[in-house]
Amino acid sequence: MRQLLVFAERDDAEEVAETLAEWFPRLSVPSVVKETLAGEDDAEDAQWLVVVEGLDEEHLPQVDALVEEREGWRESG
């Protein structure tokens, strides 16, 4: 299942992606994507997504704790 980890800051997204790659080396490297919100004129208001594929449900609490440390949240996609 695909998980989307959402952050306000690019640095947070990149650090979480690196941490997840270390924790779960069997997964492909999580990608970091900039998502501009529909109708947003200011690119500074964009959100940063870390896209993670193939994460087992048993690891979601660990991932959630990491994401919350960086003031982000997780969405299943």
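Modeller: Before we start, two strands count as paired if DSSP finds at least two bridges between them. The model here is predicted.

Colleague: Fine. Which residue in S3 is the bridge partner of Gln3?

Modeller: Val52 is the partner of Gln3 in S3. S1 and S3 run antiparallel, joined by 6 bridges.

Colleague: And in S4, what is the bridge partner of Gln3?

Modeller: Ser76 is the partner there. S1 pairs with S4 over 4 bridges, again in the antiparallel sense.

Colleague: What is the strand order in the open sheet?

Modeller: The order is S2-S3-S1-S4, with antiparallel pairing. Strand S2 (31-35) and strand S4 (73-76) are the edge strands, and each pairs on one side only. From one strand to the next, the twist averages 30 degrees.

Colleague: How many bridges join S2 to S3?

Modeller: There are 5, and S3 covers residues 47-53. Val32 stands opposite Val50 in S3.

Colleague: Is S1 mostly covered or mostly uncovered?

Modeller: Mostly covered, with 5 of its 6 residues buried.

Colleague: New topic. How many residues has the largest nonpolar core?

Modeller: It has 16 residues, and those with the most contacts inside it include Leu5, Phe7, Val50, Val52 and Leu55. At least two residues of this core come from each of strand S1 (2-7), helix H1 (10-23), S3 and helix H2 (60-69). In soluble globular proteins, nonpolar side chains tend to be buried together.

Colleague: What does Leu55 touch, leaving out residues up to four places away in sequence?

Modeller: Leu55 touches Met1, Phe24, Leu27, Leu60 and Val63.

Methods: Residues numbered from 1 in each chain as written. Predicted model: local features only at pLDDT ≥ 70, side-chain atom pairs only at ≥ 80, totals over all residues. Heavy atoms only, no water. Axes fitted to C-alpha atoms, helices over the stretch in contact; angles between N-to-C directions. Core = buried A, V, L, I, M, F, W, Y, C linked by side-chain atoms within 4.5 Å. Buried < 20%, exposed > 50% of the residue type's maximum accessible area, 1.4 Å probe, protein only. Contact = heavy atoms within 4.5 Å.
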